[in-house]
Every structure is written in structure tokens, then in C-alpha cells.
Amino acid sequence: MMKNGIFLVRFTSEEGKDEVLYGEIYHFDNKPLIVKEWVPEMDFSKEELYSVPIWVKLPGLEFKYWSAKSLSKIDNLIGKPLMVDKNTEQQIPNRKSSA
């Protein structure tokens, strides 16, 4: 651990790094972790956060609402939609819908 609650992690492969950077949201002590790729000019002071991306899970959402248009309407009520998980996007049944 560095200062201000910042951790540096070294990966043994690009695939592992990408999986963490672009995968799920990680939590520690029931709080979301912000994961960023290191760059040489990185500032290690604490940042003020004005927005944080989150996954919105919609358990029990009827399949007829799994279209991009319907999910976008739901997401816009919460904030700016960034992406939809692969199973929801491909409208694979028997999966939880996430956006």
C-alpha cells in the first residue's frame, strides 16, 4: 500500500490486467474500489469524486424489457448509461439483467 489508501498491483499478463480494469466492480469493506491503469505521471493524491460508475442489477426484470431501448429508458432514470453486460446485450434468457 502506498499513501492515501492507494494500492499498486503488478500483473503478470496483459489479459489479467484487462480483466481487472474492464471486469466487474470490486469492493473492499463493502465499499467500491476505483481501479485505474498506472501511468508514469500519475498523481497519488486523493481525488474528489463527482460521479462513480456502478452496475445496476435488475433481478426479476421481465424478458420483454431486455431490449436496448427499454434498458436505456430505465438507465436514464438513474444516470448516464455506459454499457450493458454481454448476457443482457445478447438477450440470453435465464440470466440476471445488468446495465
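This is a predicted model: local features need pLDDT of at least 70, side-chain atom pairs count only at pLDDT 80 or more; totals for chains, interfaces and linings use all residues.
1. Glu 37 is the partner of Lys 17 in a salt bridge, and the closest N and O atoms of the two are 2.7 Å apart. This pair ties distant parts of the chain together: Lys 17 belongs to helix H1, while Glu 37 sits in the loop between strand S2 (31-32) and strand S3 (57-58), 20 residues apart.

2. Is Lys 17 buried or exposed? Lys 17 has a relative accessible area of 16%, so it counts as buried, the limit for that class being under 20%. Lys 17 also forms a salt bridge with Glu 14, with 3.2 Å between the closest N and O atoms. Here both partners, Glu 14 and Lys 17, are in helix H1 (residues 14-22), three residues apart, or about one turn of the helix.

3. How many salt bridges does a search of the whole structure find? The search gives three. Besides the two already described, there is one between the side chains of Lys 64 and Glu 62, at 3.7 Å from N to O. Lys 64 is exposed, at 58% relative accessible area, whereas Glu 62 is partly exposed, at 46%. Shared partners join the salt bridges of Glu 14, Lys 17 and Glu 37 into one network.

4. Now to the aromatic rings. The distance of the centres and the angle of the planes describe a pair of aromatic rings. With centres required to lie within 6.5 Å, the count comes to one aromatic pair. The rings are those of Phe 63 and Trp 66, 5.3 Å centre to centre with 50° between the planes, which makes the pair tilted. The angle cut-offs explain the label, because planes under 30 degrees apart would count as stacked and over 60 as edge-to-face. Which of the two classes, buried or partly exposed, does Trp 66 belong to? Trp 66 has 5% relative accessibility and therefore counts as buried.

5. Ile 78 has its place in helix H2 (residues 68-78). Ile 78 is exposed, with a relative accessible area of 51%, and the class begins at over 50%. For the protein, the accessible surface comes to about 8800 Å², and carbon and sulfur atoms hold 55% of it.

6. Finally, the overall layout. The protein has three helices and four strands, and from the N terminus on its elements run α-β-β-β-α-α-β. What share of the 99 residues counts as buried? The figure is 13%, and Lys 17 and Trp 66 are examples of buried residues. Among the contacts in the protein with a separation of 6 or more, 48% come from residues 24 or more positions apart.

Key. Residues are numbered from 1 along each chain as its sequence is written. Side-chain values use heavy atoms; hydrogens and water are left out. Rings of Phe, Tyr and Trp (its six-membered ring) pair if their centres lie within 6.5 Å; planes under 30 degrees apart count as stacked, over 60 as edge-to-face and the rest as tilted. Buried means under 20% relative accessible area, exposed over 50%, partly exposed in between (1.4 Å probe, protein chains only). A salt bridge is a side-chain nitrogen of Lys or Arg within 4 Å of a carboxyl oxygen of Asp or Glu. Helices (H or I, at least four residues) and strands (E, at least two) are DSSP runs, numbered from the N terminus. Contact means heavy atoms within 4.5 Å. Accessible areas come from the Shrake-Rupley method with a 1.4 Å probe; for residues, only the protein chains shown count as cover.
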